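Welcome, and please have the chain open in your viewer while you read. This short report walks through the fold, the ligands and a few local details.

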Amino acid sequence: MTSKTFKKNILCIGAGYVGGPTMTVIANKCPNYKVTVVDISQERIDAWNSDRLPIFEPGLKERVLSARGKNLFFSTEIDRCIDEADIIFVSVNTPTKMFGEGAGKAVDLQFIEQTARRIKENSKSNKIVVEKSTLPVRAAEALATILHSGNNSVKFEILSNPEFMAEGTGIRDMESPDRILIGSKDTPSGVAARDVLLDIYLHWVPKDRLITTNLWSSELSKLVANAFLAQRISSINTIASLCEVTEADVTEVSRAIGMDSRIGSKFLNAGPGFGGSCFRKDILNLVYLCEYYQLNDVAAFWEQVVSVNDNQMERYVRRILQAMFNTLVGKKLAVFGFAFKPDTGDTRDAPAIYICKRLLEEKADLKITDPYALDNARKDLHDAEEGVEFIEDPYQAVEGAHGIALITEWSLYKDLDYQKIFDKMEKPAFIFDGRNHLDHQALYEIGFNVYPVGKPALSHL
Ligand code: NAD
Ligand code: UDX
């Protein structure tokens, strides 16, 4: 198929964790559309065009290979691609602003603004611009103002289409989404643009899963969805603390409350705290917005979700310290898992970063193991001058260790030979199962002192 025979040209600006996989799924599901993904990073684009993709996501590579060069293209020729596009998805990063007004909470919108200006400068025909990045509510207003400034006669219609996929299950989430949300203006041109986007999703998403709203509801729903999910994790983590001192068991409590269909069973797993590039950033963005509109009690409520999470990571470290006789100086700890969750190599805002830094501060020697995240772990801990090694093989990581800190629940950790591991370790041997992932009774019977989350310890001491 030549480019002339494609129904429409789709462009995505930003070839990251969202842009790459979402566009791959669209290209796979819509062979009659040409999909191009561009980025300012030559390195990222080269990786998308190679056999070693820049991100690991189950099912992604096969799908990239089946569409790349046919109707899926990765490029750094941003200006030319903007000019040729009918629909432009904006999927650039929107990190927390770390300077000036709103530092530490507001979204840093510089990449969005740069993108908007570039779209304006290179557009000679009308275009639909889709917010795929997560943005503060009413961001579309600013985007429209930038795009229509000056004396350009080109018309841009802005849609909000936030992405709800989670890493590790990204392909499944996109191919079989709970819902697709599209926000648009309720004007004839807004509704027409919305229908163009609906047409794309209708290639594979059932009609009853496509929701349309006004622009502001759509933008806000994305922040609220992440805030509600994170709030459940912080809620169960507070209950885990109470379980540890009362001999209640947080897994039993989660099950008992989760069977109430009004509560539901998902996102009730206690752990060392949530991580990932979205939850903290999006809640802080919500907090900032509430403060901006002087809704201070609302802001304080949501900010607490983040404070509880910070305390949870620290509580995990304290539990290790207290169990190991209040000193970690010179003790070897094998860290099982560094990614912020399994099935991804992503370590952005991973609890492991905070936890490992604190353990190093206590002068422990760390041997970190993870099947996909060691490259990122090295970068995250590059400041640590000594006391940390990165080892692929978990059996090698536990050699002479006093304890194991399991931070990410990779399924491979369930299947290890823990008798063999116990034999390689110093005694008394400790396991701090931050995810309640392992068989605690079996470990205890081998001889380990087992410290789960939200349950009493099983200790021989
Ligand atoms: P990312 O950092 O992985 O990717 C963003 C990409 O945009 C980078 O490759 C960067 O080089 C590129 N970029 C920045 N400025 C650019 C510009 N001016 N022109 C061209 N390229 C530019 O980020 P991500 O994880 O893909 O997230 C993107 C957006 O999606 C964020 O708003 C995020 O909140 C949201 N989101 C992320 C997830 C997730 O799981 N990661 C899920 C839902 C929504
Ligand atoms: C999240 C949202 O789920 C997704 O909809 C949005 O688009 C992006 O942000 P993601 O961060 O990729 O996705 O993964 P998620 O599965 O939500 O996990 C986030 C963190 O919460 C991880 O660190 C995970 O370990 C933790 N978590 C999750 C818990 O501690 N307990 C749980 O019960 C669930």
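How many helices and how many strands does the protein have? There are 17 helices and 14 strands, and please keep in mind that this is a predicted model. The radius of gyration is 24 Å, close to the 23 Å that the globule rule gives for 461 residues, so the protein is as compact as a globular protein of that length. Along its principal axes, the C-alpha trace spans about 75 × 50 × 45 Å.

**Two domains**

Let us start with the division of the chain. Domain 1 covers residues 3-205 and domain 2 covers residues 215-461. The centres of the two domains, taken over C-alpha atoms, are separated by 33 Å. Where they touch, 28 residues of domain 1 are in contact with 26 residues of domain 2. On the domain 1 side, the elements that give two or more residues are α6 (139-147) and β7 (180-184). Of these, β7 gives the most, with 4 residues. By class, that side of domain 1 has 16 nonpolar, 7 polar and 5 charged residues.

**The two ligands**

Now turn to the ligands. Ligand 1 has 26 residues around it, and Gly14, Gly16, Tyr17, Val18 and Ser133 come nearest. Helix α5 (residues 110-122) gives the largest share of this shell, 3 residues. The shell around ligand 1 divides into 10 nonpolar, 12 polar and 4 charged residues.

Around ligand 2 there are 19 residues, of which Ala166, Asn269, Phe274, Gly276 and Cys278 come nearest. Helix α9 (residues 215-246) gives the most to this shell, with 3 residues. By class, the shell around ligand 2 has 11 nonpolar, 5 polar and 3 charged residues. Why does ligand 2 lie between the domains? Domain 1 (3-205) and domain 2 (215-461) both give residues to its shell, so ligand 2 lies between them.

The table sets out the geometry.

| Helix pair | Axis separation | Angle | Crossing |
|---|---|---|---|
| α5 and α6 | 9 Å | about 35° | right-handed |
| α9 and α11 | within 9 Å | roughly 115° | left-handed |

For the pair of α5 and α6, the contact is made by Glu113, Ala116, Arg117, Ile119 and Lys120 of α5 and by Leu143, Ile146 and Leu147 of α6. The residues of this contact divide into 5 nonpolar, no polar and 3 charged.

By class, the contact of α9 with α11 has 6 nonpolar, 2 polar and 1 charged residues. Helix α11 itself runs over residues 279-292.

**Backbone details to visit**

Two backbone features are left for the end of the tour. Most residues other than glycine have a negative phi, and most peptide bonds are trans.

Which residue other than glycine has a positive phi near 60°? That residue is Gln294, and Gln294 lies in the loop between α11 and α12 (296-323).

Which two residues are joined by a cis peptide bond? The bond joins Lys427 and Pro428, with omega about -5°. Pro428 is found in the loop between α16 (418-424) and β13 (430-433).

How values were computed:
Residues numbered from 1 in each chain as written. Chains lettered and ligands numbered in written order. Predicted model: local features only at pLDDT ≥ 70, side-chain atom pairs only at ≥ 80, totals over all residues. Domains from an automatic or database assignment. Contact = placed C-beta atoms within 7 Å. Nonpolar A, V, L, I, M, F, W, Y, C, P; charged D, E, K, R; others polar. Near = placed C-beta within 6 Å. Axes fitted to C-alpha atoms, helices over the stretch in contact; angles between N-to-C directions. Left-handed = near helix turned anticlockwise from the far one by under 90°. Rg over C-alpha atoms; globule rule 2.2 N^0.38 Å.
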